[in-house]
Amino acid sequence: MYIPKLYKSEDYHLMKEIIKENAFALLISSVDKIRATHSMMMLNEDDHEQIYIETHISKANPQAKLLKNGDEVLCDFLGAHTYISSSWYDHVNVSTWNYEAVQIYGKVELMNHEELYNHLDKLTYKYESAQRCPMFVKDMGKEFVEKEMKGAFGLKIIPTEICIKQKLSQNRKENDFQNIISNLEQSGENEKKIAEKMKSLKR
């Protein structure tokens, strides 16, 4: 991901927010050719010495058949984003796109049986907790879960490089900047979210 200095962020909390709110992300590898799989990802911070991404894909997926310990992959998270019309400037210019994104390069560590079980338990708990009648892993029975696990390929991604991009019209003069916010606030949910992100830059 190309990140001009103006849009580069070192904000760890922003990174966590983007990953948490956009957890269905791309797992990209290039062992034999470029492959990409959308998968549910979690940022594991239990080990304070080494954070990592954990995810799982189907064992039938070609990526699962090829990935092994030590292989490099890329996890790509796209956060809030929206179109920015050039009609919102006070001069002739080009339209663009405002967005937040995180890319994490890392080395693969394949999960063992216990790690995969715990991963599925945590992942299910995260998304079932808000349901009216939640169904947690503990409610499914260990025998059933372990049978289903036979089709899952669990992996941890140990980060080697973390890239955080926050492109929010920082290159625009104040009048245009405020006019962009005003127009975004009159649009949909995603546009309003970017407007709030832009306003936070001035606080």
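Biologist: Is Ala 152 buried or exposed?

Modeller: In this predicted model, Ala 152 is found in strand S6, which covers residues 152-167. The relative accessible area of Ala 152 is 11%, and the cut-off for a buried residue is under 20%, so Ala 152 counts as buried.

Biologist: Which residues is Ala 152 in contact with, leaving aside its neighbours within four places in sequence?

Modeller: One of these residues is His 56, which lies 96 residues from Ala 152 along the chain, although the C-alpha atoms of the two are separated by 6.4 Å. With the neighbours within four places in sequence left aside, the residues in contact with Ala 152 are His 56, Ile 57, Lys 59 and Leu 116.

Biologist: How are helices H3 and H5 oriented to each other?

Modeller: The axes of H3 (residues 113-128) and H5 (residues 142-149) come within 11 Å and cross at roughly 110 degrees. Angles of 65 to 115 degrees count as roughly perpendicular, and therefore the orientation of H3 and H5 to each other is roughly perpendicular.

Biologist: How do the residues of the contact of H3 with H5 divide into nonpolar, polar and charged?

Modeller: From H3 the contact takes His 113, Leu 116, Tyr 117 and Leu 120, while H5 brings Lys 142, Val 145, Glu 146 and Met 149. Divided by type, the residues of this contact are five nonpolar, one polar and two charged.

Biologist: Why do the buried residues of helix H6 lie on the same side of H6?

Modeller: In H6, which covers residues 174-184, the buried residues are Asp 176, Phe 177, Ile 180, Ile 181 and Leu 184. They lie on the same side of H6 because the arc they cover around the axis is only 140 degrees.

Biologist: Which elements do the buried residues of H6 pack against?

Modeller: H6 and H7 pack with their axes 8 Å apart and at an angle of about 150 degrees, which makes H6 roughly antiparallel to H7. A strand is also involved, and the buried residues of H6 pack against strand S4 (72-84) and helix H7 (189-200).

Biologist: Is the crossing of H6 and H7 left-handed or right-handed, and how many residues of the contact are nonpolar, polar and charged?

Modeller: The crossing of H6 and H7 is left-handed. On the H6 side the contact is made by Phe 177, Ile 180, Ile 181 and Leu 184, and on the H7 side by Glu 191, Lys 192, Ile 194, Ala 195, Met 198 and Lys 199. By type, the residues of the contact of H6 with H7 are seven nonpolar, no polar and three charged.

Conventions: Residues numbered from 1 in each chain as written. Predicted model: local features only at pLDDT ≥ 70, side-chain atom pairs only at ≥ 80, totals over all residues. Heavy atoms only, no water. Buried < 20%, exposed > 50% of the residue type's maximum accessible area, 1.4 Å probe, protein only. Helix = DSSP H or I, 4+ residues; strand = E, 2+ residues; numbered from the N terminus. Arc of directions from axis to C-beta. Contact = heavy atoms within 4.5 Å. Axes fitted to C-alpha atoms, helices over the stretch in contact; angles between N-to-C directions. Parallel < 35°, antiparallel > 145°, perpendicular 65-115°, else oblique. Left-handed = near helix turned anticlockwise from the far one by under 90°. Nonpolar A, V, L, I, M, F, W, Y, C, P; charged D, E, K, R; others polar.
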